[in-house]
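Colleague: This one is new to me. Please walk me through it, and keep it simple.

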Amino acid sequence: MPNEQIPGIDPDVPPSGEGCAQCLAGDGPGWWFHLRRCAQCGRIGCCDTSPAQHATRHAREAGHPLLASFEPGEDWFWSIETEEFYEGPPLHPPVSHPVDQPVPGPQGAVPADWQDHLH
Ligand SMILES: [Zn+2]
Ligand SMILES: [Zn+2]
């Protein structure tokens, strides 16, 4: 049986990497608080509390409305359209960043006064 497709969720797409794709590419201050995963295309972005808020920006620009948590132990989805949480199917692994990756991350890029930069 093929996976039943939910609009905005493609469970067959692996995540783009272990950290925010745009932060790691040098867009913004280069660190994040928590990570989110685009449920449609797998792009990893930083959360709305992070300085650069790349996940929501990607969701808006790409028209991919559902974000999944990319934090260990979390399996919820968030819709930027309804601003509500949802449950969804298991996504292609890995379903979180490595547990030894620091929060905030990535290692070595977080300033000492990081809490002053959160939203
Ligand atoms: Zn980012
Ligand atoms: Zn996407």
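Modeller: Start with Asp 27, which is partly exposed at 29% relative accessibility (buried means under 20%, exposed over 50%, partly exposed in between; 1.4 Å probe, protein chains only). This is a predicted model, where local features need pLDDT of at least 70 and side-chain atom pairs pLDDT 80 or more, while totals for chains, interfaces and linings use all residues. Residues count from 1 along each chain as written, chains are lettered from A and ligands numbered from 1 in written order, and side-chain values use heavy atoms without hydrogens or water.

Colleague: Which residue does Asp 27 form a salt bridge with?

Modeller: Arg 57, with the closest N and O atoms 3.7 Å apart (the cut-off is a Lys or Arg side-chain nitrogen within 4 Å of an Asp or Glu carboxyl oxygen). Asp 27 sits in the loop between helix H1 (21-24) and E1, and Arg 57 in helix H2, so the pair links parts of the chain 30 residues apart (helices are DSSP runs of at least four residues, H or I, and strands, E, of at least two, numbered from the N terminus). Arg 57 is partly exposed too, with a relative accessible area of 34%.

Colleague: How many salt bridges does the structure hold?

Modeller: It holds 1.

Colleague: On to the metal. Which residues are the protein donors of the zinc ion (ligand 2)?

Modeller: Cys 38 (SG), Cys 41 (SG), His 58 (NE2) and His 64 (ND1), at 2.0 to 2.3 Å (donors are N, O and S atoms within 2.8 Å of the metal, or 3.2 Å for Na, K and Ca; water is not among the atoms, so sites may look incomplete). Along the chain, the donors have the spacing C-x2-C-x16-H-x5-H. Cys 41, in the loop between strand E1 (35-38) and E2, and His 58, in helix H2, are 17 residues apart and link distant parts of the chain.

Colleague: Is His 58 buried or exposed?

Modeller: His 58 counts as buried at 12% relative accessibility, whereas Cys 41 is partly exposed at 31%.

Colleague: And what covers E1?

Modeller: Both faces of E1 are covered: Leu 35 and Arg 37 on one side, and Arg 36 and Cys 38 on the other, are all buried. In a regular strand, side chains alternate between the two faces of the sheet.

Colleague: Which strands does E1 have bridges to?

Modeller: E1 is joined antiparallel to E2 by 3 bridges, and antiparallel to strand E3 (residues 66-69) by 3 bridges (strands pair if DSSP finds at least two bridges between them). Leu 35 has Cys 46 in E2 as its bridge partner, and Arg 36 has Ser 69 in E3. The hairpin of E1 and E2 has 5 residues between the strands, and there Gly 42 takes a positive phi near 85 degrees.

Colleague: Which residue other than glycine has a positive phi?

Modeller: Gln 53 is one, near 50 degrees, in the loop between E2 and H2; Gln 53 is partly exposed at 29%. Glu 83 is another, at about 55 degrees, and lies in the loop between strand E4 (77-79) and E5. Glu 83 is exposed, with a relative accessible area of 54%.

Colleague: Where are the cis peptide bonds?

Modeller: One joins Val 103 and Pro 104, with omega about -5 degrees. Another runs from Gly 105 to Pro 106, with omega near -5 degrees. Pro 104 is in the segment after strand E5 (85-86), and Pro 106 is also found in the segment after E5. Most peptide bonds are trans.
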